[in-house]
Amino acid sequence: MFSTVLIANRGEIALRIARTCREMGIRTVALYSTADRDSAVVRFADRAVHLGPAAARLSYLHIPSIVEAAKLTGAEAVHPGYGFLSEDPDFAEICEANGLTFIGPPPRVMEQLGDKAVARRLMGEAGLPVLPGSAGAVRSPAEARATAARVGYPVILKAVAGGGGRGMAVVRDDADLAGAYQETRAHARAVFGDERLYLERYVDGARHIEVQVLCDSHGNAVHLAERDCSVQRRHQKLIEESPAPNLPDPLRREICAAAVRGALAVGYVGAATFEFVLAPDASFYLMEVNCRLQVEHPVTEMVTGIDLVREQLTIAAGEPLTLRQDAVRPRGAAVEARVNAEDPDRGFLPTPGLLTEFVPPGGPFVRVDTHAYPGWLIGPDYDSLLAKTVAWAPDREQAIARLDRALGEFRIDGPTVRTTTGYLRRTLADPRFRAGRHTTGLVAEMAAEEAAAH
């Protein structure tokens, strides 16, 4: 096992990784930008290294500085968390070239799965269902139009290098395709540095089901059941839960088995998440594979009792999985809500500023992953996630009630800070969510109903 791990990330995920490392007797090195010099992980880690200014390209994305920090501190491995460099095969390769273990899949596998068009082909060859769409990148509006005519509207344009719910556009008719193509391509070029797009059929009334998978370097793989992440706003997840409500067990087993089959087919090593679209007719299709720890991983940890970061570390150290599929027995239900520093009444506009009060909830079977504290300055440079709140209970109804209670206990204040706790509680109370009949359209439906009521 490693003696020192460098955490190439920030915020709540950096603190969460550091905590497991400490439990395992592993020293940690935190990185921080000037804006994060007072962050919680800087105080928690065994050592902290200043990377540079707040701009991510000069700090958390600046690979030479990160590698130098690892060498300077004697780190043997790098945990990238999620976001930033977590799915950058070049970064993984550079780590390896410098004698550092990258805690994630091999660079070649990451590169293949990170190219969504290539991933579609590979997963199709492995027998996973993929949505009808382009064979690879569509290189012009005319090619996109021809592909859309073949697969049928509505369609969705996606950035080949996309992720995190960004770089997507749903197109419902031919008249809007050319404009959406140009706009999405420009967005992809600006955000991902890769303007290539691919196209596939869009399923209305769908659910978002994803499967957590672990694979070691000895050819062993298990799944840790599924999560339902259908509550989304502009493809960004707001509420996640496990198990997925109203999912028949045979279908649940089929989706989970498909994820394991796909992971083994490409020689995956580490933690992966296979994301699927579940259509109203119960057919399912692979959307993409995420080669990293997910934001919503605590949901799986709460129902399985398995520490995913610990598993990532042991796999990266070359140890075989000690988990066997028949020993993975999820119990009860867990629901997670993401509390963001955003104002729902102003289109979820981020609300940076000083936190004068921050008191998270407590109580039985409630977990709060956060890096926030009173006096913390929420800067404008990074994402607006303040806390992930997860509630577990023997059944879904109790878990939702517990999460609602927990969200109501938050005490968060600051002159300019607004949060999404109230909005999340309204979502939990929605009859469609309560009944587990919601789809990825729930947030838009709620918005339309609220607009009509005014």
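In this predicted model, the count of salt bridges comes to 34, where a salt bridge is taken as a side-chain nitrogen of Lys or Arg within 4 Å of a carboxyl oxygen of Asp or Glu. Side chains of opposite charge can pair when their charged atoms come close.

One of these salt bridges is formed between glutamate 301 and arginine 16, whose closest N and O atoms are 2.7 Å apart. Because glutamate 301 belongs to helix 10 (residues 297-304) and arginine 16 to helix 1 (residues 11-23), the pair ties together parts that are 285 residues apart in sequence. Both glutamate 301 and arginine 16 are buried.

A salt bridge is also found between lysine 237 and glutamate 210, with 2.9 Å separating the closest N and O atoms. Lysine 237 lies in strand 11 (residues 236-242) and glutamate 210 in strand 9 (residues 207-215), so that parts 27 residues apart in sequence are tied together by the pair. Lysine 237 is buried, its relative accessible area being 12%, and glutamate 210 is buried with a relative accessible area of 0%.

Lysine 237 has a further partner in glutamate 275, and in this salt bridge the closest N and O atoms are 2.8 Å apart. Since glutamate 275 is located in strand 12 (residues 270-278) and lysine 237 in strand 11, this pair ties together parts that are 38 residues apart in sequence. Glutamate 275, like lysine 237, is buried. Through salt bridges that share partners, Glu210, Arg227, Lys237, Glu240, Glu275, Glu296 and Arg338 are joined into one network.

Note on methods: Residues numbered from 1 in each chain as written. Predicted model: local features only at pLDDT ≥ 70, side-chain atom pairs only at ≥ 80, totals over all residues. Heavy atoms only, no water. Helix = DSSP H or I, 4+ residues; strand = E, 2+ residues; numbered from the N terminus. Buried < 20%, exposed > 50% of the residue type's maximum accessible area, 1.4 Å probe, protein only.
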